[in-house]
Amino acid sequence: MTQTTLRQHLQAQQTDTDLMILMEDIATACRMIADRVRHGAFAGVLGAAETENIQGETQKELDVISDEVFQQIVGGNPSLAALVSEEVDEVNWRKEAPQAGDFVVYYDPLDGSSNLDVNLSVGTIFSIVRLDAAISPQADAVKIKGTEQVAAGYAIYGPSTGLVITTGQGVDGFTHHPGSGEFLLTQPEMSIPAETQEFAINASRYDMWDTPIRGYIDDCLRGANGPRGKKFNMRWCASMVADVHRILTRGGVFLYPADSGNAAQGGKLRLMYEANPMGMLVEQAGGASSTGTGRILEVAPTGHHQRVPVILGSRDEVAVIEGYHKK
Ligand code: AHM
Ligand code: MG
């Protein structure tokens, strides 16, 4: 069987060389994060010992270690203007005078990290924007809409390590092959069925939901005899990467709405390194992504750590949920 590597795939898509090198750097960072995640509770101790740090006994959290790995590998890319990380308050500028053609990378180095304690799937999410003009290195300059993304993706650290990417030409899934170290194309042209009977939401927040979300879930739970006329299944991984991976594989909808517990922040999930990249992937796979009242990718960012309500997945089901918001 012929195996297609990540580079061969990006070349076949005629990806611009600078973008291809950047995506390969991100893939390398993800392979190294996967290795640290696999070390589990030993990661901090072993990581520090490897660098012969005399403070080696001070164990670092894996999400901090993952951020350091990402900065170290991707931060050296010559076309990079800035990194924006969930783990770092300020924009990490890599150039004093970013030019047109340079990239901004937004990322969550270890999403779903509450799952680490229980040894369940976590991942790294990334979004890439290319500057269309020179900018001065100020935080306002990275408030760029999701529609401007040139690529997005995530790595999933589960039973195997996967990498799912889009450069705006559909969505393709790769699996890390431990023998060669390559990401090999294993799920070409991933697509989300338009209809579904499966939703993902943290139902423990039921008492905090607003009327549209409560109405939608109530109606799903009423099954074949209810207004939806069909029985729904439910899944919740508490890891957006794992939930979106399932949806890209077999369909479904994922909801993390704004509710009375997070309304002051505007929701839980972050626009620039969670909602936008997942929104682009889902759209590229034929699905839809919405805040409930509009397309996620069209949200004009107010800050680089901004939070938004997130509803994404099977196209027709997202439209149904938007309908509950219009009632
Ligand atoms: P994190 O970036 O702090 O890990 O938070 C994001 C995660 C998502 O991966 C997941 O969908 C959600 O938070 C789970 O939230 P909850 O703890 O309410 O189930
Ligand atoms: Mg996160």
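The model is predicted, with local features requiring pLDDT of at least 70 and side-chain atom pairs counted only at pLDDT 80 or more, whereas totals for chains, interfaces and linings use all residues. Residues are numbered from 1 along each chain as its sequence is written, and chains are lettered from A and ligands numbered from 1 in the order in which they are written.

Let me begin with the domains. The assignment, which is automatic or taken from a database, divides the protein chain into domain 1 (6-187) and domain 2 (198-326). Their centres, taken over C-alpha atoms, are separated by 24 Å. Across the interface, 35 residues of domain 1 are in contact with 28 residues of domain 2; contact here requires C-beta atoms, placed from the backbone, to lie within 7 Å. On the domain 1 side, the elements that give two or more residues are β3 (103-111), β4 (122-130), β5 (149-157) and β6 (161-166). Strands are DSSP runs of E of at least two residues, numbered from the N terminus. That side of domain 1 comprises 16 nonpolar, 14 polar and five charged residues. In this classification Ala, Val, Leu, Ile, Met, Phe, Trp, Tyr, Cys and Pro are nonpolar, Asp, Glu, Lys and Arg are charged, and the others, Gly among them, are polar.

I turn now to the ligand. Around ligand 1 we find E86, D108, D111, G112, S113, S114, N202, A238, S239, M240 and Y256, where a residue qualifies if its C-beta atom, placed from the backbone, lies within 6 Å. Three of the shell residues are nonpolar, five polar and three charged.

Next, the annotation. An unreviewed UniProt entry places the feature "binding site" at E86, D108 and L110; such annotations may be inferred rather than shown by experiment. These positions span 25 residues in sequence, yet no two of their C-alpha atoms are more than 8.9 Å apart, so they gather at one spot.

Finally, two of these residues individually. E86 sits in the loop between β1 (80-85) and β2 (92-93), while D108 belongs to strand β3. Are they buried or exposed? E86 is buried, with 20 other C-beta atoms within 10 Å, and D108 is buried, with 29; the threshold for buried is 20 or more such atoms, with C-beta atoms placed from the backbone. Beyond four places in sequence, E86 contacts D108, P109, R270 and Y273. By the same exclusion, D108 touches E86, T124, I125, Y273 and E274.

Notes. Contact = placed C-beta atoms within 7 Å. Helix = DSSP H or I, 4+ residues; strand = E, 2+ residues; numbered from the N terminus. Buried ≥ 20, exposed ≤ 12 C-beta atoms within 10 Å, placed from the backbone.
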